[in-house]
Amino acid sequence: MMSEKKKLSILLKGIIKENPVLILVLGTCPTLATTSSVISAFSMGLVATLVLVCSNIVISALRKIIPDTVRIPCYIVIIASFVTIMQMLLEAYLPSIYDMLGVYLALIVVNCIILGRAEMYARKNTVVDSALDGLGMGIGFLLALLVMATIREVFGAGSFAGFTIPYLESFKIPILTQAPGGYLVFGLVIAGMNVLTAKRGGVKRKSFACDGCAMKESCSGECSENKEKEDKADV
Amino acid sequence: MENLIVSSSPHIHSRATTRNIMRDVVIALLPATVAAIVLFGFKAALMIAVCVASAILSEFFFSLIAKKKQTIGDLSAVVTGLLLALNLSTKVELWQCMLGSMFAIIIVKCVFGGLGKNFANPAITGRIFLVIAFGAVAGGAHTVFTPEISAGATPLEIIKSGSGTLPSLFNMLIGNRGGAIGETCAIALIIGFVYLLCRKVISWHIPVVFVGTVFVLSLIVKQDLTIALYEVLGGGLLIGAIFMATDYVTSPMGRLAKVIFAFGCGVITVLIRFWGSYPEGVSFAILFMNILSPYIEKIHIIKPLGGIKNVKK
């Protein structure tokens with residue numbers, strides 16, 4: 001029972017408490033680039049989630065074999081293989097989405113979330129835990145993208161997933177679908193998320209040291225050492 | 001108890017409160033406001049009303065929701081709304097005016113901590129938001145007196161494209177030309193400038209250096225006195241230099257810093273006007289220098305009494 005609860009919390013922490021985009025602020029590039037429409041954001045989130053789960057599983061399974069000194073190249077090779085598989089599948093079966101995502105599909109290889117979860121979580125935890133972590137983080141990424149894309153497409157283009165909304169169409173604000181609007185909406189959504197989590201007592205942001213860090217739990221050892229150093233420097 | 005302020009010396013009593021200064025700015029803007037309504041008709045009055053009202057309401061509701069102290073009494077929201085309206089042309093629709101006002105107050109001012117903490121001038125940023133968001137809506141629209149002349153293109157657009165006839169210099173002075181509603185009447189703006197100078201609300205440095213830089217650079221680039229005069233009177237240079245670039249919060253305090261700030265504004269304006277893709281660059285220039293102004297201010301940091309020079313560790 002206890003371990004089931006723990007497993008569930010591994011899955012759920014990626015959605016709100018450690019949301020990769022809105023709390024950890026990772027993967028900003030695909031977030032800004034693909035959220036101009038709901039469909040591209042959804043497909044981006046889905047592809048990244050699949051790659052994240054697969055790469056977390058494989059990296060976690062190989063964690064005792066991969067030498068520490070060259071681990072990042074190894075991770076990149078594993079992630080790149082899965083991205084290539086996804087790319088080929090999309091090109092074969094969903095060419096319109098393949099065209100829509102364009103270069104951002106290949107750029108999943110260097111997505112900070114995937115590499116970050118490999119480095120912070122998968123290399124220290126079991127296969128099942130890593131898969132759950134990957135799934136939770138992927139869903140968190142997907143949901144954040146969907147929220148942003150919904151705001152940007154509904155108010156920026158007056159449509160949702162390609163269907164025009166009759167009344168809003170004449171009041172659209174085109175800036176929201178462009179790059180500056182992406183930054184604006186991103187900032188506002190993060191601000192909203194901070195208000196939300198502050199009310200629930202989730203993430204405390206009072207300290208800029210380790211206590212205020214959302215990655216406190218996944219960051220082992222190094223973090224507390226730094227904290228001690230900071231404390232000494234303060235004295 | 002709110003009137004009881006505990007602070008360190010010097011204890012100088014002055015009438016220069018935010019409210020008094022903002023009231024003076026509103027008074028200084030009155031000639032331009034009247035000119036805007038006379039020149040551009042009922043739509044201009046409506047736009048001013050919508051902008052001012054939505055600026056005040058945005059600040060009111062933001063303070064209410066964020067549980068901050070209510071600050072609409074200091075009149076700064078009125079000034080922001082009025083300035084924004086005067087910087088838009090009648091081509092802008094009313095809901096867009098409202099959106100620009102809300103953006104200026106909430107995103108540029110309130111989110112950063114309210115008046116005094118905003119990094120950029122809210123009215124300028126609101127205008128730029130509308131320019132980028134809705135394309136060329138902040139460009140020209142003709143006045144009620146000359147509907148037939150050049151279909152409302154601003155003098156700067158005419159110079160840039162090289163087609164169409166420029167209004168006469170006399171029309172430029174009284175404001176009978178295409179453009180944003182408050183920027184056209186040079187005389188009304190200069191009356192406001194003189195009023196602000198007499199009331200010691202602003203010093204002459206920023207407006208004079210800003211306009212002078214644009215004039216001299218235009219003269220050098222175009223080698224033509226008339227074109228240089230059109231560059232000064234056309235576009236939003238006067239309203240920008242007098243009312244926006246002199247904003248206390250976002251411009252430097254020291255004299256030399258003010259001159260550098262204004263010179264930078266002038267150079268960027270000329271660069272955008274002659275070589276950029278927009279016909280008008282005053283608002284972008286002011287926004288850019290707003291961001292730089294804390295760094296310009298650094299040349300004035302003085303040693304406190306009894307202090308020692310900053311020694312590098």
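The model is predicted. Chain B holds 13 helices and 0 strands. Chain B has 313 residues, and 49% of them count as buried. Among its contacts with a separation of 6 or more, 73% join residues 24 or more positions apart.

**Contact between the chains**

Chain B gives 4 residues to the contact and chain A gives 5 residues. On the side of chain B that touches chain A, helix H4 (94–109) and helix H5 (122–133) each supply two or more residues. That side has 4 nonpolar residues, with no polar and no charged ones.

Two packed helices are described by the angle between their axes and the distance between the axes. Here are the values for this pair.

| Helix pair | Residues | Angle | Axis distance |
|---|---|---|---|
| H12(B) and H13(B) | 255–275 and 282–297 | about 150° | 9 Å |

Angles over 145 degrees count as roughly antiparallel, and H12(B) and H13(B) are therefore roughly antiparallel to each other. The crossing of H12(B) past H13(B) is right-handed.

Which residues of H12(B) make the contact? They are Ala257(B), Ile260(B), Phe261(B), Gly264(B), Cys265(B), Ile268(B), Thr269(B) and Ile272(B). H13(B) answers with residues including Phe284(B), Phe288(B), Met289(B), Leu292(B) and Glu297(B). By class, the contact of H12(B) with H13(B) has 14 nonpolar, 3 polar and 1 charged residues.

Conventions:
Residues numbered from 1 in each chain as written. Chains lettered and ligands numbered in written order. Predicted model: local features only at pLDDT ≥ 70, side-chain atom pairs only at ≥ 80, totals over all residues. Helix = DSSP H or I, 4+ residues; strand = E, 2+ residues; numbered from the N terminus. Buried ≥ 20, exposed ≤ 12 C-beta atoms within 10 Å, placed from the backbone. Contact = placed C-beta atoms within 7 Å. Nonpolar A, V, L, I, M, F, W, Y, C, P; charged D, E, K, R; others polar. Axes fitted to C-alpha atoms, helices over the stretch in contact; angles between N-to-C directions. Parallel < 35°, antiparallel > 145°, perpendicular 65-115°, else oblique. Left-handed = near helix turned anticlockwise from the far one by under 90°.
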